[in-house]
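Hi there,

Here is the structure I promised to pass on to you. Have a look at it first, and then read on for my notes.

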Amino acid sequence: MLYVVIVYLWAAILLYLLLGGADFGAGIIEFFTSRNNRGRTRRTMYQAIGPVWEANHMWLIITIVILFVGFPKIYATLSVYLHIPLTAMLLGIIARGTAFVFRNYDAVKDDMQKVYNRIFIYSSVITPFFLGIIAASTVSRNVDVMAQDFLSAYIFSWLNWFSVTVGLFTVCICGFLAAGYIIGETDSVEDRQFFARKAKWMIVSAVLCGILVFLASFKENVPLAEWIFGKAPGIFAIAAASLSLPFLWYGLTHGKAIIVRLLGGFEICMILFAVTYRHFPNIVLLKGGGHLSLIEHQGQEKAIVSLAWALLIGSIFILPALGYLMYSFEKKKPREA
Amino acid sequence: MDNFFAARSQMALSLGFHIIFACIGMVMPFFMAVAHYIWLKTGNEVYRDITKAWSKGVAIFFATGAVSGTVLSFELGLLWPKFMEHAGPIFGMPFSLEGTAFFIEAIALGFFLYGWNRFNRWFHWFTGVVVGVSGLVSGILVVAANAWMNSPAGFDYVNGQYLNIDPIKAMFNEAWFSQALHMSIAAFASTGFAVAGIHALMILRKSHVTFHKRAFRISAVFATVAALLQPLSGDISAKDVAKRQPAKLAAMEAHFKTEEKAALILGGIPDEKEKKVNYAIEIPGALSFLAHGNFHAEVTGLDRIPEENHPPVAVTHYAFQVMVGLGTIMMLISVLYYITIWKKKSWLEKRWLLKLFVIATPMGFIAVEAGWTVTEVGRQPWIIYGVMRTVNAVTPMPGILYSFYIFTAVYISLSCIVAFLLYRQISMVGKLYDHSVEPINAI
Ligand code: HDD
Ligand code: HEM
Ligand code: HEM
């Protein structure tokens, strides 16, 4: 049953990255769009993301619940040492979640819209940035449970070049996901080309940030290269991700939404696989060589078993409904009343 | 303010904020479902307008409820890591099921808000009902988790170790039923009175009277039924507390000395040093009756409880008085309302009845906040009653005070914006839903 829980944990993280990421990306694209085009971007984005908006961030909550029910030690440690970036991410989530809805449901459309937009855009960049920082900090061996002073316990645990570059990388990935996703939602050729251009920009930035991540990993002594290239499946995943890039580019150039979505999802999946595979089951690496492991630090058996059942039974209800939700808003155009 | 107190304040603030949105998110879908149903059955367009107007308000509340809930699920760990490290696996069952309930709620909400004119009308109506039902279920589940903190079950506590965990037993602990019942009714009463009050005000101002009268009617019926049931369920809760947490009951009643034929104390100022209550009205024997169903029963006072396990008496006592006081007023208003409907139809046209409802607008929510203060402050100094102390659960990170300030600022600004948006929604009712001017567009 432990493995059921682990698979759900991994899947929830992946889905949050994909769906929540596309959602953050909507704001990031707006951030990089010239003022004249923002109105159009916003409208298309809203139509595409509105209906699934509430559901997207549920993946984060599921991740958290799995952590504290199944792996309480890991949840507690991260909560203590990454308190500050977690709080920053939460503030971002509050700001963008509310701004997004407020701007659509404000009964009067006036200058307040500008305020909502600004909040939405900035928080859409900040949230995935800190998400990336948090993810990087779990493996960068900077979380120090022995630390005596404030700085090394609560600041340097997450503030270093490696984490910051991963944060930037995450921002680019989210922007790419949003642009790629939206391509399938546009009605006009002009819009499609517009978003394809954005997506390409984001890919280029992501590759550049990826290089920065590698440079930073050398500086911070994070054996990133070794993790990724140390074992065959990791190499395979990265190779697959790189090889699919040209196809993705082709898809973007020719406005093939399906190709872009599938390959985009595939890329993210492979990247996540490559970085988690090597040090599984140790999902948190601590300063001084220690680690927190999904196997050694699992909760008591009964807790894991009931969690697994709750997840399995929950999926029976959730997945079909979610699928139908996405399908309906994809395929069905509004009927006349 | 020390770190510990800052953490408690931040937790209280976040929960106190979230609960308002959670109540509205649980209850409004039911109001909408009724209005929506009447529209589908009768084709009366006013009801469609009511449904749409409400659903826009609800979308705003939902988003705010969802983000504040997300914050809470992190805050449990950010502020109380030692608590979560042990409690997580034990009381996690309701949270894992709640995940499903929220998810269904969020999906159904997507269908409902964006589904006008897209689906079969009854399917669309049904998704609205699903939003309400799953919201209610999630509320009940999370309260079951809180009830576990009051009445821990489902594990053996041996030498500081938590052994033989049984998450199902933990979920169905002794307190869950009385708390979940009382909370669910409270959600209906508080939201109902708030909504009815706003519509009553609009009727008094003579704006769009047809629209507001019908909206008032729906919300007032829910509110008053709930307000009539609330004291009954409160009585169940009180008897329950007397059994499982005598210290909390003693603090609620400011009952310092153990005695038979204990008096019920109304009002008064508890003096914790002198262990007595000044200026109170006492009803002999009433407390014994309320707590144990017998005028002569013995009621444990704080003198039987070691000093270091006393909850703060004054806060708990005042909060309890506020809740019961407001509950009584709301119950009386409800009685009047039913007399009006059944015997004195003419009162319906009278301004004083509507004014009463306007005055009662915030009462339910104040009672909810007061009730939670009773439950949570009355549990102190324990975070898990009788097992773990709150002091031992707090995060080692210093400087929580700043985080408390930041969140306070955020919640205050959010409250202002939400109030502002709501005001705008209501003042736009005229323009959006006046059929004589122009047809309405879909949302
Ligand atoms: C509309 C709101 C409202 C109203 C009118 C009342 N209550 Fe209440 N009460 C709540 C809202 C609430 C609450 C916020 O929902 C609480 C907090 C925890 C809970 O389960 O419900 C609560 C808790 C609570 C508790 C503590 C339960 C515990 O710690 O487990 C008791 C003993 C009562 N109530 C009793 C009453 C009585 C005798 C009332 C008589 C009128 C009453 N309440 C009215
Ligand atoms: C939503 C309604 C709730 C409100 C308004 C509320 C209110 C409060 C208040 C006032 C405190 C501070 C008590 C003190 O320190 O004196 C507190 C603490 C706390 N509450 Fe609640 N509470 C609510 C529900 C819950 C639920 C559902 C849970 C858990 C499942 C919970 C968990 C906690 C925890 C962990 C603390 C901190 C430790 C403590 O002070 O005991 N609360 N809450
Ligand atoms: C420690 C206490 C609590 C935690 C950790 C918590 C957690 C959450 C989370 C994560 C969400 C977001 C779900 C979404 O995105 O749709 C949420 C929303 C919600 N919560 Fe809470 N919650 C707490 C207290 C409560 C209480 C006491 C109630 C009610 C009795 C409640 C009822 C709800 C409801 C109905 C929603 C649905 C969203 C809405 O209506 O706005 N929660 N909560």
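How many residues of domain 1 of chain B are in contact with domain 2 of chain B, and how many residues of domain 2 do they meet? On the domain 1 side there are 10, and they touch 13 residues of domain 2. Please keep in mind throughout that this is a predicted model.

**The two domains of chain B**

Domain 1 of chain B is made of two segments, 3–248 and 307–432, while domain 2 covers 259–299. Their C-alpha centres are 30 Å apart. Together the two domains of chain B bury about 820 Å², with carbon and sulfur atoms contributing 52% of that area. On the domain 1 side, the residues that lose the most area to domain 2 are Lys239(B), His317(B) and Tyr318(B), which together make up 42% of what that side buries.

Two helices of chain B, α7 (209–244) and α10 (313–342), each supply at least two residues of the domain 1 side. The largest share, 5 residues, comes from α10(B). Sorted by class, that side of domain 1 has 5 nonpolar, 2 polar and 3 charged residues.

**Chain A against chain B**

Now to the contact between the chains, which takes 63 residues from chain A and 66 residues from chain B. The area buried between chain A and chain B is about 6,000 Å², and carbon and sulfur atoms give 76% of it. The count of salt bridges between the two chains is 1: Glu85(B) pairs with Lys73(A), with the closest N and O atoms 3.7 Å apart.

On chain A, several helices each supply at least two residues of the side that touches chain B, among them α6 (83–105), α7 (112–139) and α14 (301–331). By class, this side of chain A has 45 nonpolar, 11 polar and 7 charged residues.

**The iron atom**

One more site to look at: which protein residue is a donor to the iron atom of ligand 2? The single donor from the protein is Glu376(B), through OE, at 2.2 Å. Glu376(B) sits in helix α12 of chain B, residues 363–377.

Happy to talk any of this through with you.

Best wishes

Note on methods
Residues numbered from 1 in each chain as written. Chains lettered and ligands numbered in written order. Predicted model: local features only at pLDDT ≥ 70, side-chain atom pairs only at ≥ 80, totals over all residues. Heavy atoms only, no water. Domains from an automatic or database assignment. Contact = heavy atoms within 4.5 Å. Buried area = accessible area lost by both parts, 1.4 Å probe. Helix = DSSP H or I, 4+ residues; strand = E, 2+ residues; numbered from the N terminus. Nonpolar A, V, L, I, M, F, W, Y, C, P; charged D, E, K, R; others polar. Donors = N, O, S within 2.8 Å, 3.2 Å for Na, K, Ca; no water. Salt bridge = Lys/Arg side-chain N within 4 Å of Asp/Glu carboxyl O.
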